[in-house]
Amino acid sequence: MSNSVISVISRFLEEYNTTTTNKLKVVDAYLLYILLTGALQFLYCLLVGTFPFNSFLSGFISCVGSFILAVCLRIQINPQNKGDFLSISPERAFADFLFAHTVLHLVVMNFIG
C-alpha cells in the first residue's frame with residue numbers, strides 16, 4: 001500500500017515538474033503560502049482564543065479571499081485553458097488580480113476598524 005502511494009506521489013511530482021510552467025509554479029507556491037497562513041491563523045484561534053474577534057476574522061477572510069483570487073489567476077493564465085479565456089491576456093489577468101487584491105485588502109482594513 002505504501003509503495004503505491006509513494007510511486008503515485010513521485011510520478012505526480014515528476015509530471016508536475018516537467019509539464020507545469022514557471023509562472024504556474026510561482027502561483028502554486030503563493031497558494032501554498034496562503035493556505036498555510038490561513039491554517040496557522042485558525043490553529044492560533046483554536047489554541048489561544050478569538051479575542052479580538054474582528055482581527056481574527058479579517059485576517060482569515062483575507063487569506064480565504066487571497067486564495068480564491070490566486071486560484072482565479074491560475075485558471076486564467078494556465079495555457080491549457082487558453083480557449084476559455086480568448087479575450088483575456090495573462091497581463092490583463094494579473095492586472096485584474098492586483099485590482100481585486102487591492103479592493104479586498106481595503107475591505108479587510110476597514111473591517112478591522
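**Close-up views of a predicted model**

**View 1. Surroundings of F67 in the predicted model.** Leaving aside residues up to four places away in sequence, F67 is in contact with L31, I34 and L35. The model is a predicted one, and F67 belongs to its helix α3. With a relative accessible area of 30%, F67 is partly exposed. From F67 to Y30 the C-alpha distance is 8.5 Å, although 37 residues separate the two in sequence.

**View 2. Confidence along the chain.** The chain has a mean pLDDT of 91, and 98% of its residues reach 70 or more. Where pLDDT is low, predicted coordinates should not be read in detail.

**View 3. The largest pocket.** The space in the largest pocket comes to about 260 Å³. Its lining consists of K23, V26, V27, Y30, A70, L73, I77, P90, E91, F94 and F97. Three helices each supply at least two residues of this lining: α2 (22-48), α3 (53-77) and α4 (90-112). By residue class, the lining of the largest pocket holds nine nonpolar residues, two charged residues and no polar ones. Y30, one of the lining residues, also has its C-alpha atom 8.5 Å from that of F67.

View 4. D28 is part of helix α2. Is D28 buried or exposed? D28 is buried, its relative accessible area being 17%; the cut-off for buried is under 20%. Not counting residues up to four places away in sequence, D28 touches Y16 and R74.

**View 5. L32 on helix α2.** Helix α2 also contains L32. L32 has a relative accessibility of 49% and therefore counts as partly exposed, since exposed requires over 50%. The C-alpha atoms of L32 and E91 are 22 Å apart in space, and the two residues are 59 apart in sequence. E91 is one of the residues lining the largest pocket.

View 6. F56 has a relative accessible area of 16% and is buried, whereas F67, at 30%, is partly exposed. Which residues does F56 touch, not counting those up to four places away in sequence? The contacts of F56 are Q41, F42 and C45. C45 lies 11 residues from F56 along the chain, with 7.3 Å between their C-alpha atoms.

View 7. How many disulfides does the rule give? The count is zero. The cysteine sulfur closest to that of C63 belongs to C45 and is 13 Å away, which is too far for a bond, because a disulfide needs two cysteine sulfur atoms within 2.5 Å. C72 is likewise in no disulfide; its nearest cysteine sulfur, that of C63, is 16 Å away. C63 counts as buried, with 8% relative accessibility, whereas C72 is partly exposed, with a relative accessible area of 38%. C45, named above as the cysteine with the sulfur closest to that of C63, is also a contact of F56.

Technical notes: Residues are numbered from 1 along each chain as its sequence is written. This is a predicted model: local features need pLDDT of at least 70, side-chain atom pairs count only at pLDDT 80 or more; totals for chains, interfaces and linings use all residues. Side-chain values use heavy atoms; hydrogens and water are left out. Buried means under 20% relative accessible area, exposed over 50%, partly exposed in between (1.4 Å probe, protein chains only). On a 1 Å grid over the protein atoms alone, a cavity is a set of points where a 1.4 Å probe fits but cannot get out, and a pocket is an open set with protein on both sides within 12 Å along at least five of seven lines; lining residues have an atom within 4 Å of a point. Grid points are joined across faces, edges and corners, and a volume is the space filled by probe spheres set on the points. Helices (H or I, at least four residues) and strands (E, at least two) are DSSP runs, numbered from the N terminus. Ala, Val, Leu, Ile, Met, Phe, Trp, Tyr, Cys and Pro count as nonpolar, Asp, Glu, Lys and Arg as charged, and the others, Gly among them, as polar. pLDDT is the predictor's confidence in each residue, from 0 to 100. Contact means heavy atoms within 4.5 Å.
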